[in-house]
Amino acid sequence: MSEVLKFTKVQELIYELPIERVMRKAVITVSPETSMMELKEILRINRISGVPVLEKGHLVGVISIEDLIKALEKGEIEAPVGEKMTRRPITVRDKDSVVEAVKKFAQYRVGRLLVVNGQGDLVGILTGGDITRGLLEAISLDYHVEEISRYRARHIFEDIVSDKTSLILRYRVKPKDFSGGGRASSKLKRALDRLGAHPEDIRRVAISAYEAEMNLVIHADEGGEMEVEIEPERVRLLAIDQGPGIPDIEKAMRPGFSTAPNWIRELGFGAGMGLSNIKRCSDSMVLESKLGEGTRLEIVVNLRQELSEESVETEKSHEPSSGERS
Amino acid sequence: MKLGKIIDIVEGKLLTRHGDLDQEIASCGASDLMSDVLAYVKSGSLLLTGLANLQVVRTAEMAEVSAIVFVRGKIPSEEVIALAEELKIPLVASPHGMYELCGRLYGAGLPPVMNRGERFAMRS
């Protein structure tokens, strides 16, 4: 998948990144009075191939190594830059996205674009190389941010010391919100992934949470709440609502038994498999309900402790903690 | 079986912007019942379904389904495609029916989610 995704990431960035993020801000400039001889030295010393020309702070043109070569050929090396420069330089706006610059490079075939702000003042300069460098930096920056947050999440239980550390996540589930259903479980799944849980365990928690969440969406009058407590050894999920309540829990637990309305069945849910799915995925499940008062579902999924190599090492160095909680 | 080959077999059209045609798909399940998908479809599988709502994509996310083929020419809404793109689950639309597609893919060697000889429990 990587090739395709990297490509779309670059495409995204071309549209998202503003030019000001990739342009060079320290711009070397000359004035129209600068001689071509002086210009030659400026280009040589700074190893650049062109500079903007400013007159009293205003952008009046651009002069490049090509103009210099032409002047040399004609023996006009003492001429002022003002006579040899290109008067209408190609500019881009600092707030525009990089794609505008890419278009202009393709359209005008110039080596550099001058970047101006809303007032038309010169604020930077941009070459093809700057764009490439900017994109590469932005990609690796994104990558690092993701890596760092993953690393932090994975070590949260080691970083924070207490007799019993757990992470509690709470989600509110709206009633009858079919298209929004699953958002909470999706966030929970992502959180567990960040925390470095085993993929099979993540799947068991995600499926249980999703079935429980859809039950709240479909059945609960006022929607409900999901509270998830994550500990290094297990995940405890509590789904609570304020009614209508289940008249016969034994019946409700039977695979295939359902009280879901037709519109829900047409959408692929309410086949009476939800609770048995939850039971299958969890290590313990307690369902309590009172008609007119509400339902409380508690699920525990034990997390396997066979850790990845990296975490095993850290586990060893924190030896005493492993026995404390069991 | 590679996703690209599956798309050829179902004569499908990739609906999402992403989708690695070289991605390996291990097995396939077909269902319009999302709870059945959650119960039986293995992670890394292909899902054939006649439903095209948001919860199909959510179900695929939870069950770690690798790609979804919508049967009978169904094309989901922009919202559904956007969610699949966010979750990086390729969506494919096929003009053929569920039975036909099951036959084609099974015949081409894409195994079912259950192991050979493994059975579902019979229940009333």
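Author: Two strands pair if DSSP finds at least two bridges between them. This is a predicted model, in which local features need pLDDT of at least 70 and side-chain atom pairs count only at pLDDT 80 or more, while totals for chains, interfaces and linings use all residues. Residues are numbered from 1 along each chain as its sequence is written, and chains are lettered from A and ligands numbered from 1 in the order in which they are written.

Reader: How many bridges join strand 3 to strand 4 of chain B?
Author: Strands are DSSP runs of E of at least two residues, and helices are runs of H or I of at least four, numbered from the N terminus. In chain B, strand 3 covers residues 45-49 and strand 4 covers residues 67-70. T49(B) and F70(B) are bridge partners here.

Reader: Which strands form the edges of the open sheet in chain B?
Author: The sheet has five strands with mixed pairing, in the order 1-5-4-3-2. An edge strand pairs on one side only, which is the case in chain B for strand 1 (13-14) and strand 2 (27-30).

Reader: Which element gives the largest share of the side of chain B that touches chain A?
Author: Two residues are in contact if their C-beta atoms, placed from the backbone, lie within 7 Å. On that basis, 23 residues of chain B touch 24 residues of chain A. Helix 2 (34-40) and helix 3 (54-63) of chain B each give two or more residues to this side. The largest share, seven residues, comes from helix 3 of chain B.

Reader: Is V228(A) buried or exposed?
Author: A residue is buried if 20 or more other C-beta atoms, placed from the backbone, lie within 10 Å of its own, exposed if 12 or fewer, and partly exposed in between. V228(A) sits in strand 7 (residues 224-230) of chain A. Because V228(A) has 24 C-beta neighbours inside 10 Å, it counts as buried.

Reader: Which residues make up the uncovered face of strand 7 of chain A?
Author: In a regular strand the side chains alternate between the two faces of the sheet. The covered face of strand 7 of chain A holds G224(A), M226(A), V228(A) and I230(A), whereas the uncovered face holds E225(A), E227(A) and E229(A).

Reader: What is the bridge partner of E227(A) in strand 8 of chain A?
Author: Strand 7 of chain A is joined to strand 6 (residues 167-173) by seven antiparallel bridges, and R170(A) has E227(A) as its partner there. With strand 8 (residues 234-241), strand 7 of chain A also pairs in the antiparallel sense over seven bridges. A hairpin of three residues joins strand 7 to strand 8 of chain A. In strand 8 of chain A, E227(A) is partnered by L238(A).

Reader: How far apart in space are V228(A) and I168(A)?
Author: Leaving aside neighbours within four places in sequence, V228(A) is in contact with I168(A), L169(A), L188(A), V235(A) and L237(A). V228(A) and I168(A) are 60 residues apart in sequence, yet their C-alpha to C-alpha separation is 5.5 Å.

Reader: Where near the end of its numbering does chain A have pLDDT below 50?
Author: pLDDT is the predictor's confidence in each residue, from 0 to 100. Chain A averages 86, and 91% of its residues score at least 70. Where pLDDT is low, the predicted coordinates should not be read in detail. The pLDDT of chain A is below 50 over residues 308-326.
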